[in-house]
Structure formats: structure tokens, C-alpha cells
Amino acid sequence: MVFAAKQLRVLPPIEVAGRRIKRYHVTGDPAGIKPAVEKAAYALLPELLPEPDGTPPATFVVLHRGGDNGAYLNAYSWVWDNALHFGGAAAGQPFLGCPDEDPTHFVRVDRSLIGCVWELPPILHERDAWVRHMLAPIDPDRPDLAGYLADALPDGSTEDRP
């Protein structure tokens with residue numbers, strides 16, 4: 001396999017199951033991820049989220065459309081104040097236990113995989129944004145969830161991230 005960068009698109013946050021969700025889409029298709037794939041992925045998202053634990057309810061997701069039939073949804077939720085909970089789902093990828101090659105047929109993936117090279121760029125940024133706005137804000141008595149939600153990577157490539 002030869003590595004080639006993919007497009008990284010940032011979509012506005014949404015709310016799911018009481019959590020604020022920052023969204024990143026990764027695809028090699030200049031047209032973006034097809035709406036049917038996006039709709040199917042986000043329909044399964046509530047199953048990937050942890051129970052509330054007192055940490056501000058924030059999550060970021062990476063929805064990745066692979067170069068084959070595969071589609072992948074990675075949900076990274078902040079828990080225990082400073083740790084990431086991971087929930088993953090896939091569609092169209094029999095290697096991961098998907099029942100068929102339909103990129104809209106998402107199922108939970110319970111393996112010890114947290115993302116591939118195209119899905120990982122948001123993690124470092126999100127770690128730094130969480131520290132900046134929630135753990136070390138300007139006013140230590142007032143974590144800034146709105147600031148965290150607004151602090152996202154720019155649209156661009158999965159290569160050469162700031």
C-alpha cells in the first residue's frame with residue numbers, strides 16, 4: 001500500500017444523546033462523504049457514547065470513507081475529566097466483522113483499534129484543545145466548553161497538519 005493524503009473536512013458540531021459532538025470527515029473523494037453513509041453512521045453514534053460521568057459532555061468523531069467499500073466511525077469522548085473513551089463502528093469491511101460490503105450497514109467494532117493513519121490527525125489537536133479550554137482555561141474556575149467546541153482543525157489534508 002502506498003500512502004496518499006486524504007481530504008479532511010470539518011463540519012459544525014451537533015448534539016447527540018446529550019453530548020456535544022465535533023465532527024471530522026476523511027475521504028479521498030473530492031465530493032465528500034455521501035449523505036447516505038453519513039446518515040447511517042450518525043444513526044449508530046448513540047451506541048458508541050459513554051454514560052455521563054460528570055465530565056463536560058463532549059465528543060469528537062472521525063467519519064472515514066475508505067478507498068474500498070469500507071466506512072468507519074470513530075467516536076472519542078472525554079471522560080474522567082482528562083481521558084478519552086473510544087467507541088468504533090464500521091460498514092462494508094468484512095475484516096472488521098461487517099456482515100456485507102454495504103458502506104451504509106454500520107456495526108459496532110469491539111477490537112483494540114483506535115484509528116488508522118488518516119483518522120489520527122484530529123487526536124493531537126483535540127488533546128491540545130481540551131487542555132487549552134477545559135483543563136487550563138484563562139479563568140481556572142470556568143472551563144470553556146464553547147471555546148473547546150469552536151476550536152477545530154481547519155479543512156484541508158490529513159498531511160501536514162498544524
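What follows is a short chat about a predicted model of one protein chain.

Me: What should I know before reading the numbers?
Reply: Since this is a predicted model, local features need pLDDT of at least 70 and side-chain atom pairs count only at pLDDT 80 or more, while totals for chains, interfaces and linings use all residues. Residues are numbered from 1 along each chain as its sequence is written, and side-chain values use heavy atoms, with hydrogens and water left out.

Me: Why is H125 called buried?
Reply: Buried means under 20% relative accessible area, exposed over 50%, partly exposed in between (1.4 Å probe, protein chains only). H125 has 16%, so H125 counts as buried.

Me: What makes the link between H125 and D151 a polar contact?
Reply: That term takes a pair of N or O atoms within 3.5 Å, where within protein one must be able to donate a hydrogen and the other to accept it, and residues adjacent in sequence count only if both atoms are side-chain atoms. The side chains of H125 and D151 are joined at 2.9 Å.

Me: Which residues is H125 in contact with, leaving aside neighbours within four places in sequence?
Reply: Contact means heavy atoms within 4.5 Å. Y24, R132, D151, A152 and L153 are the ones for H125.

Me: How do you know that the radius of gyration agrees with a compact globule?
Reply: The radius is taken over C-alpha atoms, and the globule rule is 2.2 Å times the number of residues to the power 0.38. With 162 residues that rule gives a value near 15 Å, and the protein chain has 16 Å, so the two agree.

Me: How much of the protein chain counts as buried?
Reply: Of its 162 residues, 44% do.
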